Structure formats: structure tokens, C-alpha cells
Amino acid sequence: MSTDISLQRTCYACPEQYDAVNEAGEVVGYLRLRHGYFTAQAGGPDGPEVYEARPEGDGIFTEEERQGYLDAAVEAIRSALATASAVS
């Protein structure tokens, strides 16, 4: 199952954060970088953490690292959603 997920940046720095949105416009994930700790949660800000990393950026990614971390987080959310869908 492939889910099209786009990111909507909701805060530019301290923390840098995004909502992950599916094709229907539903928020299916939440990504946040604060104090050098980047996390992604499936389902929204109260959902389970499905990805974590420690990038160079503190409250904002460096330009060189941003896309790689965002892509990895979206893939982790997509995988979590597919697993949850298969179980239900």
C-alpha cells in the first residue's frame, strides 16, 4: 500500500515542525526538531513515535540535512500507517 504524504511546515524554527497530510487532507503524522532531537509520530502529535534522529541542526535543520531526514521520517510514518491498516 502506498500512501501519498505531503508535509506542511507549521513552524520554521525553534522548533522546526511539520504536519504530514494524506491525499484526503487528513493529518497522519507530526514531525518536530527541537534541541537537536528530531522525532516523527504517526497519527499526529499524540501518536506513537515512529522515527527519531539527532541531526546537526538544533531547532532548525541545516540546508544539507533537511530533505534526507524529512524523507526518512515520512517513510517511517507511511510504514506505520500500512502496518496499522494491515492489522485492522
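**The sheet and its helix**

Analyst: Leu 7 has Ala 20 in β2 as its bridge partner. Strands here (E, at least two residues) and helices (H or I, at least four) are DSSP runs, numbered from the N terminus. This is a predicted model, in which local features need pLDDT of at least 70 and side-chain atom pairs count only at pLDDT 80 or more, while totals for chains, interfaces and linings use all residues. Residues are numbered from 1 along each chain as its sequence is written, and side-chain values use heavy atoms, with hydrogens and water left out.

β1 and β2 are joined in the antiparallel sense by five bridges; two strands count as paired if DSSP finds at least two bridges between them. Four residues lie between the strands of this hairpin, where Cys 14 has a positive phi near 55°.

Further along, β3 (residues 27-34) pairs with β4 (residues 37-42) over six antiparallel bridges.

The whole is an open sheet of five strands in the order β1-β2-β3-β4-β5, with antiparallel pairing. β1 (6-11) and β5 (49-53) are the edge strands, each pairing on one side only.

Helix α1 (residues 63-87) packs on this sheet and touches β1, β2 (16-21), β3, β4 and β5; contact means heavy atoms within 4.5 Å. Buried residues of α1 include Leu 70, Ala 73, Val 74 and Ile 77, where buried means under 20% relative accessible area (1.4 Å probe, protein chains only). Their cover includes β1, β2, β3, β4 and β5.

Terms used: Axes are lines fitted to C-alpha atoms, for helices over the stretch in contact, and angles run from 0 to 180 degrees between N-to-C directions. Buried means under 20% relative accessible area, exposed over 50%, partly exposed in between (1.4 Å probe, protein chains only).
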